[in-house]
Amino acid sequence: MSVNSQGVENNSKSMTSYLSPAVREIQPSGIRRFFDLVSGNKDIITLGVGEPDFITPWHVREACVYSLERGFTSYTSNAGMPELREAIAEYLYNSYDLKYDPKDEMIVTVGGSEAIDLALRALIEPGDEVLVPVPCYISYSPITSIGGGVPVDVETFAEDSFKLKAEHLQAKITPKSKILILNYPSNPTGGIMTYEDWLPIAKVVEENDLIVIADEIYAELTYDHKHVSFASLPGMKERTLLVNGFSKAFAMTGWRMGYVCGHPDLIYAMLKIHQYTVMCAPVMGQVAALEALKNGLGEKDHMVESYNQRRRLVVQGLRDIGLTCHDPQGAFYAFPSIASTGLSSEEFSQRLLMEAKVAAVPGNAFGSGGEGFLRCSYATSVSQLNEALHRMGQFVHKLKQG
């Protein structure tokens with residue numbers, strides 16, 4: 001028996017019985033579920049969804065409009081426009097000293113998310129274990145499960161600035177371990193890894209014959225240090241699928257433009273899936289991405305500097321109201337501990353929303369290790385951040401007063 005949209009019971013068979021067991025078991029996104037509650041409420045300040053508050057620069061939008069006026073509406077090469085791939089290769093070399101052949105070591109994808117999905121589907125055999133440092137971006141484990149793999153959490157800790165430690169990684173490795181997913185700078189913690197931090201991780205990867213998916217979508221949003229790509233480590237380029245895109249640093253989330261680089265054998269396998277599923281990334285978005293790389297680096301740097309100023313404001317503000325917060329060196333998130341309040345992450349977030357009209361994501365939405373924390377995005381205006389901190393301060397004060 002099922003219930004229709006009007007709440008009336010009927011005797012029709014539930015269609016869920018036709019679903020794949022792997023899909024049935026997946027839980028809805030904790031982030032989207034939480035922010036459904038705030039949709040349309042203008043009194044709420046949202047420190048939630050990870051999206052730049054900047055609009056895509058006008059010249060990037062104009063390049064797209066002009067391409068449409070000229071009739072650029074057809075398919076491109078499955079791997080993406082050759083000139084865009086060449087521009088990406090040049091950008092990666094100039095920025096991170098990474099050399100990729102744009103002809104056979106790169107695919108332009110529908111966002112970084114498609115790149116991660118392609119990589120996991122190309123690599124996973126049923127039962128393979130995928131090591132995932134947590135807290136982490138919410139998609140890694142569900143996509144792993146859909147592909148027949150087994151996600152294995154590797155905890156990181158605030159006292160280590162949420163850096164991945166080699167001993168913790170090694171402790172979770174079994175004969176079934178095959179893939180390690182890395183996301184630095186990290187969503188949700190804002191943690192980063194330096195060259196020295198990466199060296200022992202690279203040793204574990206090599207000794208255990210792992211393949212790495214390095215999701216570096218926040219690479220450009222690194223503040224007091226220069227971003228170090230895992231693929232730049234000695235011997236790691238051939239073991240690493242590097243994922244990046246235009247969403248965060250270039251304020252192009254809705255354009256859905258990403259890319260993946262790696263060994264030709266791996267890229268070829270991923271390209272086969274890509275050409276049978278999406279064919280190619282939209283040509284209009286590719287034109288815009290090319291313009292962003294050619295003429296948008298100055299605006300990117302301006303946005304990064306603005307995020308850095310807000311980062312300092314928010315971290316100090318959270319500490320001033322009594323919430324312990326490690327110093328996030330990347331992305332645009334602060335990840336304060338709310339353990340001192342005695343509330344769970346879910347309870348704190350819900351009460352903060354209802355009583356103080358501030359929306360932030362409970363840390364448990366990001367898997368094990370996230371409980372006791374709160375993700376606060378500072379990709380919003382300074383005035384909004386100051387007001388949010390004021391409201392949070394009053395809320396925390398009331399909690400501690402009992």
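In which sense do strand β8 (residues 211–215) and strand β9 (residues 240–245) pair, and over how many bridges? The two strands pair in the parallel sense, over four bridges, and the bridge partner of Val 212 in β9 is Thr 240. This is a predicted model, in which local features need pLDDT of at least 70 and side-chain atom pairs count only at pLDDT 80 or more, whereas totals for chains, interfaces and linings use all residues. Residues are numbered from 1 along each chain as its sequence is written, and side-chain values use heavy atoms, with hydrogens and water left out.

**The sheet**

- Seven strands form an open sheet with mixed pairing, in the order β4-β10-β9-β8-β7-β5-β6; strands (E, at least two residues) and helices (H or I, at least four residues) are DSSP runs numbered from the N terminus, and two strands pair if DSSP finds at least two bridges between them.
- The edge strands, each of which pairs on one side only, are β4 (106–110) and β6 (150–155).
- On average, neighbouring strands of this sheet are turned by 25 degrees against each other, direction ignored.

**Helices on the sheet**

- Helix α4 (residues 82–96) packs on the sheet and touches β4, β9 and β10 (257–261), contact meaning heavy atoms within 4.5 Å.
- The direction of α4 makes about 105 degrees with that of β4; axes are lines fitted to C-alpha atoms, for helices over the stretch in contact, and angles run from 0 to 180 degrees between N-to-C directions.
- Helix α5 (residues 111–123) also packs on the sheet, where it touches β4, β5 (129–134), β7 (177–182), β8, β9 and β10, and its direction makes about 120 degrees with that of β4.

**Backbone geometry**

- Most residues other than glycine have a negative phi, and most peptide bonds are trans.
- Val 134 and Pro 135 are joined by a cis peptide bond with omega about 0 degrees, and Pro 135 is found in the loop between β5 and α6 (140–146).
- A cis peptide bond also runs from Asn 187 to Pro 188, with omega near 25 degrees, and Pro 188 is found in the loop between β7 and α8 (195–207).
- Asp 97, in the loop between α4 and β4, has a positive phi of about 60 degrees although it is not a glycine; Asp 97 is exposed, with a relative accessible area of 56%, where exposed means over 50%, buried under 20% and partly exposed in between (1.4 Å probe, protein chains only).
- Lys 357, in the loop between α12 (345–356) and β12 (358–359), has a positive phi near 60 degrees and is partly exposed, with a relative accessible area of 32%.
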